[in-house]
Amino acid sequence: MTRARPTDTKARIHAVARELFMQQGVQQTSLRQIADRLGITKPALYYHFDSREALVASMFEPLVADMEVHLAALEAASPADPRVLLGAHFDLLTRHRDLIVMMVRDLSILAELDLAARMFAWRHRLTALLIGPAPTLEARVRAVVAIGGMADTAVEFSDVPMERIKAAAVEAACAALGLPPARPAAAKAAAAKRSRPRRAT
């Protein structure tokens, strides 16, 4: 009989913990409940995570690491087209949608993982990429509405596939920034065709 690898067991623990956390909140979920749902003993669960806090932290590690890599890549490529930047950020939100929904539904996670300060720092870095290092107050307000509003779509429409709302979310964020509407693909193609030099006959 093949024994489950530690990574497989951790993935199962994460999946069950996420389900229970979403149903009843982090503070109301015990390691005993998670172990019972998994069909394992509490000591077996402790082998992987010695506390609920350690379990929650391990669940959010991929989000934290991905966000740091994501922002560093955007900063290295700066300046970037705002639509491209917002689209890439939306894709990151999509990858971690379950965690974002879980965090918004149970704000105790912010305190438990000391994430609040880090999230504000992430927003400030993204804002600087969108509107520069010395923006006006109006520009800062617009950026907060754009970034926060786009993230809120992951929670507000949690039962809708993210690919169905990406275009509308990105365009709404661009509108909040005061950018002109994106031109349809057909209009872009026609403009590109008109800009090509004509060949002499």
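The residues that line the second largest pocket divide into five nonpolar, three polar and two charged, where Ala, Val, Leu, Ile, Met, Phe, Trp, Tyr, Cys and Pro count as nonpolar, Asp, Glu, Lys and Arg as charged, and the others, Gly among them, as polar. This is a predicted model, in which local features need pLDDT of at least 70 and side-chain atom pairs count only at pLDDT 80 or more, while totals for chains, interfaces and linings use all residues. Residues are numbered from 1 along each chain as its sequence is written, and side-chain values use heavy atoms, with hydrogens and water left out.

**Second largest pocket**

- The second largest pocket has a volume of about 160 Å³; a pocket is an open set of points on a 1 Å grid over the protein atoms alone where a 1.4 Å probe fits, with protein on both sides within 12 Å along at least five of seven lines, and lining residues have an atom within 4 Å of a point.
- Its lining includes Phe120, Arg123, His124, Gly132, Pro133 and Arg140, and the elements that give two or more residues to it are α8 and α9, helices being DSSP runs (H or I, at least four residues) numbered from the N terminus.
- Helix α8 gives the most to this lining, with five residues.

**Largest pocket**

- The largest pocket, with a volume of about 530 Å³, is lined by 23 residues, of which Ile100, Met103, Met119, Arg123 and Ala151 lie nearest its centre.
- Helix α8 gives the most to the lining of the largest pocket as well, with six residues, and this lining divides into 19 nonpolar, two polar and two charged residues.

**Largest nonpolar core**

- The largest nonpolar core has 51 residues, and among those with the most contacts inside it are Phe21, Ile34, Leu55 and Met59; such a core is a set of buried Ala, Val, Leu, Ile, Met, Phe, Trp, Tyr and Cys residues joined through side-chain atoms within 4.5 Å, and buried means under 20% relative accessible area with a 1.4 Å probe and protein chains only.
- Helix α4 gives the most to this core, with nine residues.
- Because domain 1 (1–50) and domain 2 (58–182) both give residues to this core, it lies between them, the domain bounds coming from an automatic or database domain assignment.

**Two residues and their contacts**

- Leaving aside neighbours within four places in sequence, Ile34 is in contact with residues including Ile13, Phe21, Leu45 and Leu55, contact meaning heavy atoms within 4.5 Å.
- His14, found in helix α1, is buried, with a relative accessible area of 18%.
- Not counting residues up to four places away in sequence, His14 touches Phe49, Leu55, Ser58 and Met59.

Notes. Points joined across faces, edges and corners; volume = space filled by probe spheres on them. Buried < 20%, exposed > 50% of the residue type's maximum accessible area, 1.4 Å probe, protein only.
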